[in-house]
Amino acid sequence: MTRYALRGLSLAAALGLWQLLTSLDIDVWLRFSQFPTVTDVARAFADRLSGPDYWTDLADSLTRILTGFLLASVLGVATGVLVARSRLAEDLLGPLLEVVRPVPAIALVPVAILLFPSNEQGIVFITFTAAYFPVLVSTRHAVRALTPVWEEAVRTMGGGRWRILGSVVLPGALPGIFGGLSVGIGVAWICVISAEMISGQYGVGYRTWQDYTVVDYPGVFVGMVTIGVLGWLTSTAVELLGRRLTHWLPRTSYVPGGRAPRLVRGATALLPAGPRTKENVPHDQLV
């Protein structure tokens, strides 16, 4: 409860500082006099919530981000495993992927306009591209980092290729995969909002840009807050799903002051290396 109170206090302090600087029209290098106050943004937010356009924009942006992100998750994991496990796939796909990967997804807007018959499909394509490469790279590195002993053990017990994939490769790579998914969902939000601003019809990004063009700065901040909350919710959902699917991993709880963390799960698996003496052997294992 203390940690949640501190988090709420930090947010309240930031809002209070924002209100103070904007209400007093502070102009010391940074021009806070041009900013709307917190109360102005709150009133604009209340007006938007009572209208239908806000919920339409919200539904359109969520549909685009979820469609692109789910496609990127499935194809990114599949491609990452394939490239990491097959030399032929790495030789065929690796050079092409490495050439395309540095290109920012938002730079593909002209390509999407020329390639797809509708703006909606183009925005989903940009969102997919933004999330695909973080998932692909994280999956590839996670699969390659797996110890060969696990695979050899399954082969020794008669397991085939699919058994190894389901029992060793995917479970062992899950922490790295969800690391890529967490990065991918954040990058996808950046690109979908940018794409909506450039070529979208409806959506949070489109509405935020329209507010800027008509000099409705409280409306611009409403869009910014909405984007931030949506990004936080989706990132939290990915993180919680990852924790649930990797519940077997040993976890630690933070202990301030530089002391050793308290092990929550699998404590005996992380014993210090060295001779087994009474100092480093659990009490229940002493003979």
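1. The lining of the largest cavity is made up of four nonpolar, four polar and four charged residues. This cavity belongs to a predicted model, and its volume is about 80 Å³. The residues that line the largest cavity are Arg 48, Tyr 54, Asp 57, Leu 58, Val 204, Arg 207, Thr 208, Asp 211, Gly 219, Val 222, Gly 223 and Thr 226. Two or more of the lining residues are supplied by each of helix 3, helix 9 (204-213) and helix 10.

2. The count of cavities of 30 Å³ or more comes to two. The second largest cavity holds about 50 Å³ of space. Its lining consists of Val 109, Ala 112, Ile 113, Phe 116, Ser 118, Asn 119, Gly 122, Ile 123, Ile 126 and Ser 199. Helix 5 (109-115) and helix 6 (119-144) are the elements that give two or more residues to this lining. The largest share, four residues, comes from helix 6. By class, the lining of the second largest cavity has six nonpolar, four polar and no charged residues. The student may set this beside the lining of the largest cavity, where four charged residues are present.

3. The packing of two helices deserves attention. Helix 3 (residues 52-85) and helix 10 (residues 217-245) pack at an angle of about 40°, and their axes are 12 Å apart. The crossing of helix 3 with helix 10 is right-handed. On the side of helix 3, the residues that meet helix 10 are Tyr 54, Leu 58, Leu 62 and Phe 69; on the side of helix 10, the residues are Val 222, Thr 226, Leu 230 and Val 238. This contact contains seven nonpolar residues, one polar residue and no charged residues. Tyr 54, Leu 58, Val 222 and Thr 226 take part in the contact of the two helices, and they are also among the residues that line the largest cavity.

4. Which residues does Ser 73 touch, not counting residues up to four places away in sequence? They are Val 135 and Leu 181. Ser 73 has its place in helix 3. It counts as buried because its relative accessibility is 13%, and buried means under 20%.

5. Is Gly 180 buried or exposed? Gly 180 has a relative accessibility of 0%, and therefore counts as buried. This residue is found in helix 8 (residues 161-199). Leaving aside neighbours within four places in sequence, Gly 180 is in contact with Pro 134, Val 135 and Ser 138. Along the chain, Gly 180 and Ser 138 are 42 residues apart, yet their C-alpha atoms are separated by 5.0 Å.

6. The elements that give two or more residues to its lining are helix 3 and helix 8. The lining of the second largest pocket divides into four nonpolar residues, one polar residue and three charged residues.

Methods:
Residues are numbered from 1 along each chain as its sequence is written. This is a predicted model: local features need pLDDT of at least 70, side-chain atom pairs count only at pLDDT 80 or more; totals for chains, interfaces and linings use all residues. Side-chain values use heavy atoms; hydrogens and water are left out. Axes are lines fitted to C-alpha atoms, for helices over the stretch in contact, and angles run from 0 to 180 degrees between N-to-C directions. A crossing is left-handed if the near helix is turned anticlockwise from the far one by less than a right angle, and right-handed if clockwise. Contact means heavy atoms within 4.5 Å. Ala, Val, Leu, Ile, Met, Phe, Trp, Tyr, Cys and Pro count as nonpolar, Asp, Glu, Lys and Arg as charged, and the others, Gly among them, as polar. Buried means under 20% relative accessible area, exposed over 50%, partly exposed in between (1.4 Å probe, protein chains only). On a 1 Å grid over the protein atoms alone, a cavity is a set of points where a 1.4 Å probe fits but cannot get out, and a pocket is an open set with protein on both sides within 12 Å along at least five of seven lines; lining residues have an atom within 4 Å of a point. Grid points are joined across faces, edges and corners, and a volume is the space filled by probe spheres set on the points.
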